[in-house]
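Hi,

Here is the structure I promised to pass on.

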Amino acid sequence: MASLSNPNHTAPQDQRFLVLFDFDETIISENSDDAAVRLLPDQQLPAWLINSYREGQYHEFSAKILAYMADQGVTKESIQSAVEKILPNPGLLDLFHYLQSHQHDFELVVVSDANTYFIETWLEHTGVRHLFRSIFTNPSYFDARGGLVLRPFHSHSCPHCPENMCKQAILREYLAAREQERGVGFQRVFYVGDGSNDVCPTQALGPQDTVFARRDYPMHRLLLEMQQSQSAKFKANMVPWVTGDDIVDCLEKMVKER
């Protein structure tokens with residue numbers, strides 16, 4: 001399990017709102033594994049490796065990709081450089097600038113099925129790591145031969161999520177732990193995501209909370225289906241987003257509602 005706290009996080013303890021971010025295709029503009037794959041000699045995976053993917057087992061597949069990259073001589077330095085060059089999604093840096101100017105209101109967390117090295121490297125390089133109190137993601141480390149090794153975040157009993165990570169379990173545990181530490185819960189929770197594995201955590205949110213689902217991505221489509229079927233499982237508000245500015249517009253209104 002890799003839950004990384006930020007020793008440099010100095011925001012006050014009484015923020016009213018919690019904002020959770022996915023990483024791949026939410027904060028950054030692509031899947032971070034794709035950026036790494038472009039480092040291979042042919043800039044693509046061999047067919048045998050692609051065909052080894054099992055539905056719902058992306059963590060296993062990602063570990064195979066990283067092992068293959070090590071076999072092909074891809075170095076830590078080249079991986080670092082590739083990750084640092086990944087572009088943020090449009091408007092996300094504006095969103096982070098807004099959140100930094102309102103640190104007294106917002107506590108920030110990353111919940112991602114990527115890995116510690118990719119996320120820490122990108123956030124540090126971009127200069128926004130200090131904004132995040134915690135990062136929940138799959139542990140990763142470089143072994144003796146220089147390959148990046150991936151481990152599962154945790155085990156869980158959720159039938160809807162990949163076996164290495166249930167984001168709803170992470171969210172529920174975090175909310176309970178923070179309420180115990182703070183002595184009070186958050187007034188509202190905001191969740192920013194794009195993928196199908198971002199749907200499960202939204203089931204832990206209530207009518208006072210807001211889900212920012214990237215427009216026309218799997219999370220958005222799946223939540224629309226739940227809304228249309230009037231599913232009792234989804235109680236939060238949903239706001240589709242295309243750029244970070246869409247999220248800023250909504251958060252500004254929430255902050256003004258004292």
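Let me start with the open space: β3 gives the lining of the largest pocket its largest share, three residues. Before going further, please keep in mind that this is a predicted model, where local features need pLDDT of at least 70, side-chain atom pairs count only at pLDDT 80 or more, and totals for chains, interfaces and linings use all residues. Residues are numbered from 1 along each chain as its sequence is written, and side-chain values use heavy atoms, with hydrogens and water left out.

A few terms. Helices (H or I, at least four residues) and strands (E, at least two) are DSSP runs, numbered from the N terminus. Pockets and cavities come from a 1 Å grid over the protein atoms alone: a cavity is a set of points where a 1.4 Å probe fits but cannot get out, while a pocket is an open set with protein on both sides within 12 Å along at least five of seven lines, and lining residues have an atom within 4 Å of a point. A volume is the space filled by probe spheres set on the points, with grid points joined across faces, edges and corners.

**Pockets**

The largest pocket holds about 520 Å³ of space. Of the 22 residues lining it, Tyr58, Asp113, Gly195, Ser196 and Asn197 lie nearest its centre. Both α3 (58-71) and β3 (106-115) supply at least two residues of that lining. By type, the lining has six nonpolar, eight polar and eight charged residues (Ala, Val, Leu, Ile, Met, Phe, Trp, Tyr, Cys and Pro count as nonpolar, Asp, Glu, Lys and Arg as charged, and the others, Gly among them, as polar).

The second largest pocket has a volume of about 280 Å³. It has 13 lining residues, and those nearest its centre are His160, Val199, Cys200, Gln203 and Met226. Two or more residues each come from α8 (199-202) and α9 (218-228). This lining divides into seven nonpolar, five polar and one charged.

**Helix α7**

Helix α7 (residues 167-182) has 16 residues and should span 22 Å at 1.5 Å a residue, which agrees with its end C-alpha atoms being 22 Å apart (the expected span is 1.5 Å times one less than the number of residues). Lys167, Gln168, Ile170, Leu171, Tyr174, Arg178 and Arg182 are buried in α7. They cover an arc of only 155 degrees around the axis, so they sit on the same side of α7 (the arc is that of the directions from the helix axis to the C-beta atoms). Buried means under 20% relative accessible area, exposed over 50%, and partly exposed in between (1.4 Å probe, protein chains only). Turned away from the buried side, the other face carries the exposed residues Glu173 and Gln180. The buried residues of α7 pack against β2 (17-21), β3, β4 (132-138), β7 (188-193) and α8. Just after α7, glycine 183 has a positive phi of about 85 degrees.

**Tyrosine 53**

Tyrosine 53 is in the loop between α2 (47-50) and α3, and is partly exposed at 33% relative accessible area. Leaving aside neighbours within four places in sequence, tyrosine 53 is in contact (heavy atoms within 4.5 Å) with Tyr58 and Phe61.

Cheers
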